[in-house]
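Good morning, everyone. Please look at the chain on the screen. I'll start with its sheet and then turn to a pair of helices.

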Amino acid sequence: MYKLLSHNDLDGVGCGILAKLAFGQDVKVRYNSVSSLNREIEYFLENDSTDTFLLITDLSPNEENEKRLTSFYKEHGNIQLIDHHKTALHLNDYDWGYVVVEEEGSGKLTSATSLFYQYLVYHQHLEESDAIAEFVELVRQYDTWEWEKNQNHKAHSLNSLFFLVSIDEFELKMIERLRSSDHFDFDDFEKKLLGMEEDKIERYIRRKKREIVQALVGKFYAGVVYAESYHSEVGNELAKEHTHLDYIAILNMGGKRISFRTIRDDVDVSEIAGYYGGGGHQKASGSSMTEEAYKHFVLDTFHLEPLHEDAKRNRYNVKESEFGSLYQNRQEDIFLLSRKNEQWAIEKNDVKLEQTFSTYRECEHFLKRNYEAWLARDDVFVEYLINKVKKAES
Ligand SMILES: [Mn+2]
């Protein structure tokens, strides 16, 4: 008999689906949130038969349960943990732990489902097939967010479908499909549903773009937004819109949790989450809403006005323009970014700031971090120019 304790997200449930394909009736699968795993481990150690082989995927136990699992393992063996979270790497010190963040050789980011697939095939519990390999790769690309770079919308759709139906229904559908099809695909009804879901996500993100606030938390500039759903999508789109921010903090007040997301290589949000007692990956992580987190992200930011998006449809006032690019903020300051002698500089209300920058991006990031300014619309720019001409004439 096998027992699998896995995460309750797509990657975790991907592991459950593979386990059921491999072991059929001989596996019991339980899906957990990050916090409920430890209870399940304790239940297993106290109640399950010592002949049951325990598999843990996509999640890691707390320190006490590390010790309990280790003493259980010494006596009975029969434990294997497989994970890909950077914050779980220390579990490689145990014989029962197997944590890989990046595939050796290819350097590709792993997912729990991709590691578990390799494990099951290697131990001859599961026969390789094209359909399963395709499914596993979609899960991996979604979980690592590689789908976006590859424009692999099928991976994103798989996750959307996962949230549209119950976990039980998703499992059943996928197991059936992976057993009987040569290739993995959605059926026509699912395709129709997924199209509608994409539109809904887009509208949700548009609303969140109007709600995000900027806050300096410790030494990092965070974008803070409230969202109950579509965390990855919201975090990613907001990070792309506001590249001057170090990370995006997504607050789920009902669940009392925070997700952290960055698209930058020089910021590690697993460290940010770790500070508040959580964990995860370099670019995506999460933690509970501790009292300190509540203070930093809720209490201290509640009075702030949302960030303004840059004007998108300008013809004249565009970024990196030879004539200068005009920005404004809520205090009605006017900023002109222009290049002189290979250096980008800022004029604030016609007075030059002392800082200069070798790239426009750095210059703009400085402006947005310190003044929360946005690219002004063309009509504001034209008015600014008219005033300039008038002043020069008088
Ligand atoms: Mn995962």
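In what sense do strand 1 and strand 3 pair, and over how many bridges? Strand 1 (residues 2-7) and strand 3 (residues 53-57) pair in the parallel sense, over five bridges. Pairing here takes at least two bridges found by DSSP. Strands are DSSP runs of E, at least two residues, and helices are runs of H or I, at least four, all numbered from the N terminus.

A word on the source. This is a predicted model: local features need pLDDT of at least 70, side-chain atom pairs count only at pLDDT 80 or more, and totals for chains, interfaces and linings use all residues. Residues are numbered from 1 along each chain as its sequence is written.

Next, the helices. The axes of helix 1 (residues 10-23) and helix 8 (residues 167-180) come within 10 Å and cross at roughly 50 degrees. Axes are lines fitted to C-alpha atoms, for helices over the stretch in contact; angles run from 0 to 180 degrees between N-to-C directions. So helix 1 is oblique to helix 8. Oblique is what remains after roughly parallel (under 35 degrees), roughly antiparallel (over 145) and roughly perpendicular (65 to 115).

Who touches whom? Helix 1 brings Val13, Gly16, Ile17, Lys20 and Leu21; helix 8 brings Ile167, Phe170, Glu171, Met174, Ile175 and Leu178. Contact means C-beta atoms, placed from the backbone, within 7 Å.

Terms used:
Contact = placed C-beta atoms within 7 Å.
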